[in-house]
Amino acid sequence: MPTSTKALTTTVQLGFPAFSGGGRNIAFLACAAEFDPRKPFNIALFFHGFERSLDQQVVAHALAQQVVECRQNYVLVCPRTAVDAATEKNPGKFADQNHFSGFLGELPDHIKTLVRDESLDVTGLADRAGQARLVIANFSAGHRVASTVMSHPLVRHRLAALAFFDSLYQSNAYYQDPGAVLKTGALVGVHRAVYDQIGDDERDNHKELIAKLVGLHVTPSTSIDAVDRLRPGIAVMESVNIDSHWQIVSNGGRLAKVLAKVDVKTDDQGAGVGVG
């Protein structure tokens, strides 16, 4: 596992962005300096909220730092998506599975750019990227894109975990059908403790999702720290006592903890089977 404290980062132009124009056809990529693209790796897809630029999102959520801290062979990809409340209501072209497949298909070239290794065989890299487990993480307004993307069949069979941070709405696929996530991966929810007391929609959504999980015979842990590994059929619903909405991802390195607890699939590992 990587032991470096340094990250490699790059911002790339996307051929298959969620939205075109206005500087939105970009994505931020990060990995640990010791990331080895010649070995199996996981891909973390982070879908941000609105109101801040992509650079500001990366800093606020400490994305580069957290992919290093997870100490696993990971690439983190954060494409530019929602930029304001109006845009947030639309997942853009990522709603089209073929277009999203194109986005995933261009990642090997971007990973080669990220690691700055011209000797890297893109064909072999493409094979490993195509087999990589996917971890979807979303913050706030990123819920719309995350919910849409997780519903694509090409994503579902590779989905190792879905983690939402202050980002639960009744329209979300992971709220409506948490069992769909649990069949292949883990479901992790992290929210500020204030939502346990105020905000009818948020409070009730958390309570109702927990009830849905219990109905699936899944008792969610109340802390990511209490879970050894994130495997199919595992759920976490964690309430965090902090004030800032913008610290929910970085506080306590929670995204790093999620990534760390998802094993990288080796050649002799098959996909797990979770809740039926």
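N138 stands opposite F164 in strand 6. This is a predicted model. Strand 6, residues 159-165, is mostly covered, with 7 of its 7 residues buried.

| Strand pair | Sense | Bridges |
|---|---|---|
| Strand 5 (residues 134-139) and strand 6 | parallel | 6 bridges |
| Strand 6 and strand 7 (residues 186-192) | parallel | 5 bridges |

The open sheet holds 8 strands in the order 1-2-4-3-5-6-7-8, and its pairing is mixed. Strand 1 (7-13) and strand 8 (235-240) are the edge strands; each has a single partner strand, so one side of each lacks a neighbour in the sheet. From one strand to the next, the twist averages 15°.

Two helices that pack on the sheet are described next. Helix 4 touches strand 1, strand 2 (26-32), strand 3 (42-47) and strand 4 (74-79), and its direction makes about 130° with that of strand 1. Helix 6 (residues 143-150) touches strand 3, strand 5 and strand 6, with its direction at about 155° to that of strand 5.

Helix 4 (residues 97-115) also packs against helix 5 (residues 122-131), at an angle of about 115° and with the axes 9 Å apart. The crossing of these helices is right-handed. Helix 4 contributes P108, D109, I111 and K112 to the contact, and helix 5 contributes V122, L125, A126 and A129. By class, the contact residues comprise 6 nonpolar, no polar and 2 charged.

Key: Residues are numbered from 1 along each chain as its sequence is written. This is a predicted model: local features need pLDDT of at least 70, side-chain atom pairs count only at pLDDT 80 or more; totals for chains, interfaces and linings use all residues. Side-chain values use heavy atoms; hydrogens and water are left out. Buried means under 20% relative accessible area, exposed over 50%, partly exposed in between (1.4 Å probe, protein chains only). Helices (H or I, at least four residues) and strands (E, at least two) are DSSP runs, numbered from the N terminus. Two strands pair if DSSP finds at least two bridges between them. Axes are lines fitted to C-alpha atoms, for helices over the stretch in contact, and angles run from 0 to 180 degrees between N-to-C directions. A crossing is left-handed if the near helix is turned anticlockwise from the far one by less than a right angle, and right-handed if clockwise. Contact means heavy atoms within 4.5 Å. Ala, Val, Leu, Ile, Met, Phe, Trp, Tyr, Cys and Pro count as nonpolar, Asp, Glu, Lys and Arg as charged, and the others, Gly among them, as polar.
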